[in-house]
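Me: Could you go through this structure with me? I would like to start with the strands.

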Amino acid sequence: MQKLLPQRPEPRPDEAAATAQLRQPNTTKIEAPSPPPEAETGPLEARQLRLTVNGEQVLADLSFTAQPGTLTAVIGLSEATTSALVDVLGGAVQPSVGTVDFDGHDVAAEHVRPHVAVVPRYDLLHPQLTIEQALGYAAELRLPPGTSADHRREVVRSVLSEMKLSSLRTIQVGNLTTEQRKLASMSVELLTGPSLLVLDEPTAGLDPAAERQMTATLRRLADEGRVVVVATTTPTDLDMCDQVLLLTATGTPAFAGAPSQISAQLGTTNWTEIVARVSADPYGAHGEYLARQHEAPAAAPPAQAPVEPPAPAAHPNLWRQILIAVRRQAWLVIADQRYFIFLTILPLLFGAIPLLVPGHAGLGPANPYGNSPDEAVEILAVLNIGAVVMGTALGIHDLLGEQRIFRREQAHGLSASAFLAGKVIVYSLVAIVQTGIITTAAVVGKSPPSQGAVLLGNAAFELFVTLAVTAIVSAMVALALSSLATYSEQILLIAVLIALISLVFAGAMFPTAGRLGLEQIAWLVPSRWGFAASASTVDVHAVNQLAAFDDSWTHSSGRWLLDMGVLVGIGVVATAILRWRLRRPAGRHHQQ
């Protein structure tokens, strides 16, 4: 039986018996970094692939076989074609027609994923982390649960050494060159010792010297026994490849063979001329390819040993994944220095603004005939919008840049619930600290609520709880809305809209109760219920006799619990929607 993972070419006698199951990643301690031995794996076989994306054909009638120890270059005339091919070969998308098998197993099967490495054109690492940190967290998530910490560190060091990144291990990913980031992304995929490596545009954005170095690296990885397939729109150093496939604009093959056959079959080795000819007449180019295939003698398919289903890959349990996600998310917040400074400034800013509100009554009773009868309402409005802004700042920017990284980790077993729980826990802790600062500033700088708490015993603490929950819910709402964004400009627009809507519908600027349409919209806004709960704690109707009447501001435990219940409910709904959006695509069917 052929195995997916590299195996010594001359096994010891006690290892001679073959097994029909895919061997799981090795968990024995690695004594020293060393190049992996040659692999004895089965081939990658694509048969009659056809794929449509948004109604447009991107792959059609594509069949090829890539043997272990070979480097295959698939040249497409569009990025849509190459990206679609990588998705299909990596098991992320099921083709409309056809099959992709690796070593006799469906490449999209759950148990095959640890043995398949996919390196997309975008980075697979968080830019805030160092290479060593990023690989360390990835190793915790991808290696089997019983792997010791020492072994994980040794695996990381071994991969960094293999990819010649050891000297850069303490450098943040965001400070690396394009070539170094691509090598770092490859390093993440090599942690589990995969036997199939599929890459999308690995030389894109590199200078000629870096392109040659990257191709040499891929050649070396193939020589170690892996099946390496490169999808690209810019062919370079094809002489280092074992086979080359050229796809037309419609995704059909125009050439398939060794680099030495290009001149004989296509009449030239000038790729500018070849691409121009294939682009001008894709159907004619595919027809010529079919004619050549028909003339060539059909190769007899190699005999395949019976293949039994392998054992499923083991992953860390949910609680272990949550712990890893929390540690990584906390470090992502701290390591981004500008973002961390911004989060530090926000509570200082919103803690200082209430001190500028005129008056001396603070959150206590104000003279209705004095110069500042609305002092308590104005302070609460500042605190409430501050909680919303701080929560929005926590959640709004994170998911856009991280979603692709998450999807790749999800393919290796990371639970969407663990990923989301890591963010909820870290954001909640940060929000608690931030709202604690602004509450303390308002209570100490002005004066605390004078009417007493409605439920929690201490009015100042109860006010802090309402603000903390408002900030946490705002973070969840912002995180859910940011999952809808497809580019960074939309993030800024969403953040501005959240702040503006929260300010308008909170009920502090003008009353919303009893106003048809306006009141119903306000029900969906977290700031409306956060402000109502804080107003209930302070007893706005008692400390400001001129304030508009709103039943949800009533100083009673029932009303406060209702306000807080609706606020928490909005957060739960936002989190549930986000969890649904983060679910693994069911079936990985082809896109229509």
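This is a predicted model: local features need pLDDT of at least 70, side-chain atom pairs count only at pLDDT 80 or more; totals for chains, interfaces and linings use all residues.

Me: Which strand pairs with β9 in the parallel sense?

Reply: That is strand β3, residues 71–75, which pairs with β9 over 4 bridges. Within this pairing, Val74 stands opposite Leu245.

Me: What about β10, parallel or antiparallel to β9?

Reply: Strands β9 and β10 run antiparallel and are joined by 4 bridges. Here Val244 stands opposite Gly257 of β10. The two strands form a hairpin with 5 residues between them, and Gly251 in that hairpin takes a positive phi near 85 degrees.

Me: New topic: in what order do the strands of the open sheet come?

Reply: The order is β2-β1-β4-β5, and the pairing is antiparallel. Strands β2 (56–66) and β5 (105–106) are the edge strands, each pairing on one side only.

Me: How many bridges join β4 to β5?

Reply: There are 2 bridges between β4, residues 97–102, and β5. Phe102 stands opposite His105 in β5.

Me: Where does helix α1 lie?

Reply: Helix α1, residues 79–89, lies across β1 (44–53), β2 and β4. The helix runs at about 55 degrees to β2.

Key: Residues are numbered from 1 along each chain as its sequence is written. Side-chain values use heavy atoms; hydrogens and water are left out. Two strands pair if DSSP finds at least two bridges between them. Contact means heavy atoms within 4.5 Å. Axes are lines fitted to C-alpha atoms, for helices over the stretch in contact, and angles run from 0 to 180 degrees between N-to-C directions.
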